[in-house]
Amino acid sequence: MNGVALSMDDVHQAASKFLEEHNPTNQLPIPIEEIAELKLGIFVLATPGIKKLIGIDGFISSDFSQITIDDYCFVKYPERTRFTIAHEIGHKILHQDWYSKHGLTDFGDYHDFFSKISEQDYRYMEIQAQTFAGLVLVPTELLKNEFKSRLGRIPINEDVEILQPIFNDLLTTFKVSGEVLYRRMVKEGIVKKI
Amino acid sequence: MNNNEITKNFGIFFRDRRVALGFTLRAFCKRFGYDPGNISRLERNILTPSVDENILKGYAKALQIEQDSPEWVTFFDLAYTTKGTIPLDIRNNQQIMSVLPAFYRTARGDKLDKKKINELINLISK
């Protein structure tokens with residue numbers, strides 16, 4: 001079974017379209033939980049044990065109507081939860097059509113379905129969802145605007161240590177983890193990769 | 001109406017009301033001091049609602065259900081009619097299938113092995 005045939009450019013376009021539709025006023029932090037539950041009608045729920053027992057932060061159901069989050073993560077790590085929700089929405093937007101063609105049709109096929117996707121294809125789809133989530137929660141233009149308003153310029157390949165005070169501010173502005181913000185700044189050429 | 005439908009309707013009633021008021025799960029629990037896991041279990045119909053009047057009144061107030069209104073009566077009826085029913089801890093395959101993960105987020109983006117998938121199925125079947 002082949003993975004989804006989407007380029008990273010497609011992922012970028014999907015993220016831009018998503019933001020135009022669901023956050024037209026450029027609200028920050030991006031109200032991803034409100035978008036998921038109140039606009040897209042996705043049932044977000046918290047369940048105990050999925051992180052500790054299974055090692056997953058969350059998942060989207062095979063009918064793409066529910067996002068389940070580990071309840072400890074949900075309460076203790078709201079930034080991480082926001083990213084997981086954005087990531088799972090990414091799967092819905094990018095991969096639902098693929099899943100409807102290749103996905104689960106019978107309960108008994110469940111193991112079979114996952115064994116048919118190669119590790120490489122699965123990981124690529126995960127990277128696509130991850131990229132989508134990063135672009136949605138830290139949109140390119142809004143990230144650059146934050147630098148412009150604070151520094152009067154957009155840094156190019158600077159050391160992250162030099163931008164540390166702004167970096168800390170931006171964690172609150174975008175309500176994401178340091179890892180996500182750093183990755184987005186590297187991708188946008190704002191800071192050097194360590 | 002069988003017991004499962006009654007329980008199901010309570011969860012759907014609860015969630016529809018919360019969403020109609022513009023509350024996300026987080027916002028609702030934060031505003032009224034509820035545990036997100038418990039509210040999720042109520043809304044998923046795997047926890048039968050309490051019949052303790054004060055608890056139910058607390059929910060009704062949080063959901064802005066006007067006392068003695070038709071909705072108030074429905075809300076309490078749904079809660080009371082589930083008293084003594086067995087929670088939906090055993091679902092049929094079709095129900096489980098719809099909630100099984102299409103994709104799941106692991107730390108490294110790897111697939112789960114068969115053992116972990118079985119554990120996950122057991123966990124979400126309850």
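I began with one pair of residues across the two chains: S61(A) has P101(B) as its bridge partner in strand 1 of chain B. I note at the outset that this is a predicted model.

**Entry 1. Strands across the contact**

I then looked up the strands to which this pair belongs. Strand 2 of chain A pairs with strand 1 of chain B, which covers residues 101–106. The pairing is antiparallel and runs over five bridges.

**Entry 2. The extent of the contact**

I asked how many residues each chain brings to the contact. Chain A brings 57 residues and chain B brings 41 residues. I looked up the area buried between chain A and chain B, and found about 4400 Å². Carbon and sulfur atoms give 62% of that area.

I next looked up the polar side of the contact. Between chain A and chain B there are eight residue pairs in polar contact, both residues of a pair being at pLDDT 80 or more. Several elements of chain A each supply at least two residues to the side that touches chain B; among them are helix 2 (32–39), strand 1 (43–47), strand 2 (56–61) and helix 7 (119–137). Which element of chain A gives the most to this side? I found that helix 5 of chain A does, with eleven residues. By kind, the residues on this side of chain A are 28 nonpolar, 17 polar and twelve charged.

**Entry 3. Salt bridges between the chains**

I counted two salt bridges between chain A and chain B. In one salt bridge the side chain of E37(A) meets that of R18(B), at 2.9 Å from N to O.

**Entry 4. Salt bridges in the whole structure**

I widened the search to all chains, and the total came to 17 salt bridges. I looked up R153(A) and found that it forms a salt bridge with E158(A), with the closest N and O atoms 2.6 Å apart. Are these two residues buried or exposed? R153(A) is partly exposed, at a relative accessible area of 38%. E158(A) counts as buried, because its relative accessibility is 15% and the cut-off for buried is under 20%.

In chain B I looked up E119(B), which takes part in a salt bridge with K115(B) at 3.4 Å, N to O. Why are these two residues about one helical turn apart? They are separated by about one turn because they stand four residues apart in helix 7 of chain B, residues 114–124. K115(B) is exposed, with a relative accessible area of 57%, whereas E119(B) is partly exposed at 28%.

E119(B) also forms a salt bridge with K116(B), where the closest N and O atoms are 3.9 Å apart. K116(B) and E119(B) are three residues apart in helix 7 of chain B, about one turn of the helix. I recorded K116(B) as partly exposed, at a relative accessible area of 27%.

**Entry 5. Strand 3 of chain A**

I turned to strand 3 of chain A, residues 66–70. Five of its five residues are buried, so the strand is largely enclosed by the rest of the structure. I recall that side chains in a regular strand alternate between the two faces of the sheet.

Which strands pair with strand 3 of chain A? Strand 1 of chain A pairs with it in the parallel sense over five bridges, and T47(A) has D70(A) as its bridge partner there. Strand 2 of chain A pairs with strand 3 of chain A in the antiparallel sense over three bridges, and G58(A) stands opposite I69(A).

**Entry 6. Backbone details of chain A**

Strand 2 and strand 3 of chain A form a hairpin with four residues between the strands. In the loop between these strands lies F64(A), which has a positive phi of about 60° although it is not a glycine. F64(A) counts as buried, at 3% relative accessibility.

I also examined the loop between helix 1 (8–22) and helix 2 of chain A, where P29(A) is found. L28(A) and P29(A) are joined by a cis peptide bond, with omega about -10°. N26(A) is found in the loop between helix 1 and helix 2 of chain A too, and its phi is positive, near 55°. N26(A) is partly exposed, at 46% relative accessibility.

Methods: Residues are numbered from 1 along each chain as its sequence is written. Chains are lettered from A and ligands numbered from 1 in the order in which they are written. This is a predicted model: local features need pLDDT of at least 70, side-chain atom pairs count only at pLDDT 80 or more; totals for chains, interfaces and linings use all residues. Side-chain values use heavy atoms; hydrogens and water are left out. Contact means heavy atoms within 4.5 Å. Buried area is the accessible area (1.4 Å probe) that two parts lose on being put together, summed over both. A salt bridge is a side-chain nitrogen of Lys or Arg within 4 Å of a carboxyl oxygen of Asp or Glu. A polar contact is a pair of N or O atoms within 3.5 Å; within protein, one must be able to donate a hydrogen and the other to accept it, and residues adjacent in sequence count only if both atoms are side-chain atoms. Ala, Val, Leu, Ile, Met, Phe, Trp, Tyr, Cys and Pro count as nonpolar, Asp, Glu, Lys and Arg as charged, and the others, Gly among them, as polar. Two strands pair if DSSP finds at least two bridges between them. Buried means under 20% relative accessible area, exposed over 50%, partly exposed in between (1.4 Å probe, protein chains only).
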